[in-house]
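Student: I have a model open and would like to talk it through with you. Can we take it one topic at a time?

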Amino acid sequence: MVDLNGQYHKIQPEVDAAMRQVLERSDFIHGQAVTDFERALAEYTRSRQVVTCASGTDALQLALMALDLQPGDEVITVPFTFVSTVEVIALLGLRPVLVDVCPDTSNMDVTKIEAAITERTKVILPVHLFGQCVDMETILQIARRHDLYVIEDACQALGAQVTFSDGSVHQAGTMGHVGCTSFFPTKNLGCYGDGGAVFTQDDTLAAHIRSMANHGMSQKYYYDQVGINSRLDTLQAAVLQVKLSHLDEYIAARQQAARFYQEALADCPGMELPSITPFSTHTYHQYTIRLASALRDEVKQKLADAGIPTMVYYPCPLHQQAAYRHLAPRQEAFPVSESLAKRVLSLPMHTELTLEQLQYITSTLRSILS
Ligand SMILES: *Cc1c(COP(=O)(O)O)cnc(C)c1O
């Protein structure tokens with residue numbers, strides 16, 4: 001599915017030198033490389049503020065903590081996502097309110113948002129799944145109309161760009177009040193451990209988030225609020241600084257592999273390819289096809305028998321998980337998410353895929369389905 005070792009070896013001299021520099025300086029916590037990386041990432045995303053933290057999950061938690069919400073306040077999000085999105089809402093004593101996703105993009109169905117808004121609603125939290133952004137222009141309009149915050153879960157979509165109807169172009173994570181991303185090793189910009197970042201265009205909010213990530217500290221050993229300990233290691237920041245300079249190449253390599261899949265599988269019967277929206281680029285964190293639910297597991301097994309790894313993101317929507325079942329007591333509450341969970345299959349997608357591998361994957365898939 002991924003080739004992190006192959007990717008490391010291509011940039012080994014740069015990475016090794018950057019890590020050695022941190023070791024020599026030994027500024028392991030909040031070191032120079034963290035400050036440098038935050039500045040570089042802000043420039044790359046054209047975000048006014050970037051605050052790094054320990055993971056994408058923490059980025060989401062910090063975003064919610066910074067908005068001064070009250071227990072029981074409602075956050076509208078989706079059931080077809082990685083667990084963190086809903087987990088942090090529940091952990092903070094807030095109420096996740098789920099809306100279904102679109103069958104073609106697997107992203108939040110924005111036509112369902114307004115019906116889910118109540119007087120307790122404070123936040124809309126869309127997820128840019130698989131590397132393609134949600135219809136943010138519509139979400140921002142709804143949020144303005146109802147005076148709500150928007151937090152973007154851009155953990156899978158760093159580098160994706162949205163074009164608004166006025167022609168302006170915006171980076172994933174920088175359109176909402178707060179945006180969140182993850183540097184988990186397999187993400188498009190991954191480090192060699194855990195890491196995350198929060199984006200905001202609001203200086204006051206950024207200062208609040210920075211303090212929250214550092215125990216709620218204002219000045220040394222004085223605490224204004226209850227915070228957490230969440231920081232990006234200096235060593236990881238040094239790795240990320242190197243890898244950020246290659247991110248555009250990495251995204252281009254993924255898009256090239258996706259183009260190959262798209263062309264080689266275009267007329268293949270029995271499957272649907274990822275949909276492209278007119279408003280967002282796709283950075284292909286995952287290349288996810290949709291099969292008939294009766295065939296998906298069999299196709300996955302046959303590909304595995306041929307030595308081709310695939311993954312199901314995600315096999316069970318969150319409202320059907322033991323921890324979150326109370327969020328949707330009704331059966332078939334979110335039919336699109338439930339159907340996608342049975343139909344999706346993510347093909348190998350990374351920066352080191354060779355033409356030979358792509359040809360083998362697509363011809364094997366075609367012969368299984370024909
Ligand atoms: C990876 C991911 C997260 C969590 O990121 P971590 O760094 O693993 O904590 C949250 N949301 C989505 C959609 C993700 O893909």
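Student: To start, how many salt bridges does the count come to?
Tutor: Bearing in mind that this is a predicted model, the count comes to 13 salt bridges. One of them joins Asp 203 to Arg 48, with the closest N and O atoms 2.6 Å apart.

Student: Changing topic, what domains does the assignment give?
Tutor: The domain assignment has domain 1 as 4-99 + 106-244 and domain 2 as 247-369. Taken over C-alpha atoms, the centres of domain 1 and domain 2 are 25 Å apart, and the contact involves 38 residues from domain 1 and 31 residues from domain 2.

Student: And what area is buried between domain 1 and domain 2?
Tutor: Domain 1 and domain 2 bury about 3,100 Å² between them, with carbon and sulfur atoms giving 59% of that area. On the side of domain 1, Phe 80, Phe 130 and Asn 188 supply 25% of the area buried against domain 2, which is more than any other three residues.

Student: How many salt bridges does the rule find across that interface?
Tutor: The rule finds 1 salt bridge across the interface of domain 1 and domain 2. Lys 10 and Glu 352 form a salt bridge in which the closest N and O atoms are 2.6 Å apart.

Student: Which elements of domain 1 supply at least two residues each to the side that touches domain 2?
Tutor: Those are the helices α1 (4-10), α5 (84-91) and α9 (234-244), together with the strands β3 (95-98) and β6 (161-163). By class, that side of domain 1 has 21 nonpolar, 12 polar and 5 charged residues.

Student: Now the ligand: which residues come nearest?
Tutor: There are 16 residues around the ligand, and Gly 56, Thr 57, Asp 153, Ser 182 and Lys 187 come nearest.

Student: What polar atoms lie by the oxygen atoms of the ligand?
Tutor: Ser 182 has a polar side-chain atom 2.6 Å from an oxygen atom of the ligand, and Gln 156 places a polar side-chain atom 2.8 Å from a ligand oxygen atom. With Gly 56 it is a polar backbone atom that lies 2.8 Å from an oxygen atom of the ligand.

Note on methods. Residues are numbered from 1 along each chain as its sequence is written. This is a predicted model: local features need pLDDT of at least 70, side-chain atom pairs count only at pLDDT 80 or more; totals for chains, interfaces and linings use all residues. Side-chain values use heavy atoms; hydrogens and water are left out. Domain bounds come from an automatic or database domain assignment. Contact means heavy atoms within 4.5 Å. Buried area is the accessible area (1.4 Å probe) that two parts lose on being put together, summed over both. A salt bridge is a side-chain nitrogen of Lys or Arg within 4 Å of a carboxyl oxygen of Asp or Glu. Helices (H or I, at least four residues) and strands (E, at least two) are DSSP runs, numbered from the N terminus. Ala, Val, Leu, Ile, Met, Phe, Trp, Tyr, Cys and Pro count as nonpolar, Asp, Glu, Lys and Arg as charged, and the others, Gly among them, as polar. A residue is near a molecule or strand if one of its heavy atoms lies within 4 Å of it. A polar contact is a pair of N or O atoms within 3.5 Å; within protein, one must be able to donate a hydrogen and the other to accept it, and residues adjacent in sequence count only if both atoms are side-chain atoms.
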